[in-house]
Amino acid sequence: MRFPTPQNESDLHERVVAADPVASADLFASFMEPLVAAIRADLQCDQDTASDSAIDALFEYLHTPSAYKQSKGRLSTFITQIGKRRAIDRLRTRSAEARREEEFGAIVELRAPAPNEEMERSAEAQKLWEKIEEVVRDERDRAALALILDGERSTDELARALGIDGLAQLERQREVKRHRDRLMKVLDRLGARLRDDQGT
Amino acid sequence: MTKEPSWLRDAARRAQFEPWTLGRLFSSLCELESTCDKDLITELQCDAGTLHWLYLCRAPSDAHFAGDVEQIARRFGLDPNRLAALVRRADALEALAANTADSEDHKFLLAARDREDGEEPR
């Protein structure tokens with residue numbers, strides 16, 4: 001699929017500047033596919049990276065359409081440049097994360113705890129979990145809390161634990177956030193209470 | 001423009017974070033009324049794909065409200081009266097929520113919204 005003709009691009013830009021309410025939807029309809037293809041072709045990246053970066057690029061342009069100067073070139077060139085920049089950022093972030101994980105893995109292997117240290121930690125964790133069970137009665141809340149404490153950030157995993165995975169996506173996200181906030185408050189209160197107990 | 005390309009859902013989700021979009025306004029409405037996309041689809045009498053396209057539109061401006069609503073409705077084959085009512089309600093609830101200082105008042109507003117027309121307060 002190709003980008004719109006220069007004339008159509010220009011018309012679309014004028015509609016965006018004039019705050020035409022459907023111009024943004026038309027922009028997505030005309031630009032997404034050629035934009036994703038251009039990013040993929042130039043950077044040899046995966047479809048998801050290209051698609052997410054194209055979405056970012058279109059919203060960046062829509063946020064400040066005045067940043068595009070028609071005298072300096074085509075709108076498609078301007079937006080593609082933004083998209084490629086976003087894709088490069090994504091790829092860099094991903095490789096940095098992979099490097100950090102690798103380094104972290106190496107440190108963990110070097111610092112494997114002694115067997116007795118591991119047992120002590122396990123006993124501490126067990127005691128703490130018992131305290132949590134005293135204040136969190138609901139099995140689903142406990143399951144979700146266990147996931148949160150384990151570092152789980154996936155909305156779908158938490159929704160499954162909370163038994164709300166049947167909800168529509170947006171509602172599921174909202175409900176998971178609400179439950180997560182509620183459970184974090186419970187933990188905060190428990191933490192404060194334990195600190196008070198230790199202080200007395 | 002009602003078919004749903006693979007990227008549309010992601011773009012619609014992303015639109016909720018842009019202050020000028022209908023997506024942000026509708027998601028705010030859903031949050032305030034504890035409803036979801038399905039309720040919007042029912043109210044607008046459209047399909048999920050159309051709702052996602054709507055999310056990408058600019059919210060009607062106060063200065064050109066009727067014209068903007070008419071244009072959006074015409075493009076997506078919607079009833080302009082239904083769309084206008086939804087947008088107005090979202091605007092009003094957002095304004096009220098912004099002025100609501102504490103959560104008790106907030107609950108009161110939502111309870112008021114739940115009453116049917118002509119129904120006496122409980």
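In this predicted model, B:Asp37 touches A:Leu170, B:Cys30, B:Leu51, B:His52 and B:Tyr55, leaving aside residues up to four places away in sequence. B:Asp37 is buried but has no salt bridge. The contact between the chains draws 24 residues from chain A and 28 residues from chain B, and the area buried between them is about 2300 Å².

**B:Asp37**

- B:Asp37 belongs to helix H3 of chain B, which covers residues 37-44.
- The nearest side chain of opposite charge to B:Asp37 is A:Arg174, 6.0 Å away.
- One of the residues touched by B:Asp37 is B:Tyr55, which is itself buried.

**Chain B overall**

- Chain B has 7 helices and 0 strands, and its elements run α-α-α-α-α-α-α from the N terminus on.
- Of its 122 residues, 45% count as buried.
- Taking contacts in chain B between residues at least 6 apart in sequence, 64% join residues at least 24 apart.

**Interface between chain A and chain B**

- Carbon and sulfur atoms give 62% of the area of about 2300 Å² buried between the two chains.

**Aromatic pairs and a charge over a ring**

- The whole structure holds 8 aromatic pairs over all chains.
- A:Phe59 and B:Trp20 form a tilted pair, with 6.1 Å centre to centre and 50° between the planes. The pair crosses between chains: A:Phe59 is in helix H3 (residues 47-63) of chain A, while B:Trp20 is in the loop between helix H1 (8-15) and helix H2 (22-33) of chain B. Both A:Phe59 and B:Trp20 are buried.
- B:Phe26 and B:Tyr55 form an edge-to-face pair, at 6.3 Å centre to centre and 65° between the planes. B:Phe26 lies in helix H2 of chain B and B:Tyr55 in helix H4 (residues 48-55) of chain B, so the pair ties together parts that are 29 residues apart in sequence. B:Phe26 is buried, as is B:Tyr55.
- One aromatic cluster is formed by A:Phe28, A:Phe59, B:Trp7, B:Trp20 and B:Trp53.
- The charged end of B:Arg88 sits over the ring of B:Phe65, at 3.6 Å from the ring centre.

**Salt bridges**

- Over all chains the count comes to 25 salt bridges. A:Asp26 lies in helix H2 (residues 23-43) of chain A and B:Arg75 in helix H5 (residues 65-76) of chain B, so this pair joins two chains.
- The side chains of A:Asp26 and B:Arg75 meet in a salt bridge at 2.4 Å, N to O. A:Asp26 is buried, with a relative accessible area of 9%, whereas B:Arg75 counts as partly exposed at 33% relative accessibility.
- A:Lys177 and A:Asp181 form a salt bridge at 2.8 Å, N to O. These two residues are 4 residues apart in helix H8 (residues 169-199) of chain A, so about one helical turn separates them. A:Asp181 counts as partly exposed, at 35% relative accessibility.
- B:Arg89 and B:Glu43 form a salt bridge at 2.7 Å, N to O. This pair links distant parts of the chain, with B:Arg89 in helix H6 (residues 80-99) of chain B and B:Glu43 in helix H3 of chain B, 46 residues apart. B:Glu43 counts as partly exposed, at 24% relative accessibility.
- A network of salt bridges links A:Asp56, A:Glu60, A:Arg85, A:Arg86, A:Arg90, B:Arg14 and B:Glu18.

Technical notes
Residues are numbered from 1 along each chain as its sequence is written. Chains are lettered from A and ligands numbered from 1 in the order in which they are written. This is a predicted model: local features need pLDDT of at least 70, side-chain atom pairs count only at pLDDT 80 or more; totals for chains, interfaces and linings use all residues. Side-chain values use heavy atoms; hydrogens and water are left out. Rings of Phe, Tyr and Trp (its six-membered ring) pair if their centres lie within 6.5 Å; planes under 30 degrees apart count as stacked, over 60 as edge-to-face and the rest as tilted. Buried means under 20% relative accessible area, exposed over 50%, partly exposed in between (1.4 Å probe, protein chains only). A charge sits over a ring if NZ of Lys or CZ of Arg is within 6 Å of the ring centre and within 35 degrees of the ring normal. Lys and Arg count as positive and Asp and Glu as negative; His and the chain ends are not counted. A salt bridge is a side-chain nitrogen of Lys or Arg within 4 Å of a carboxyl oxygen of Asp or Glu. Contact means heavy atoms within 4.5 Å. Buried area is the accessible area (1.4 Å probe) that two parts lose on being put together, summed over both.
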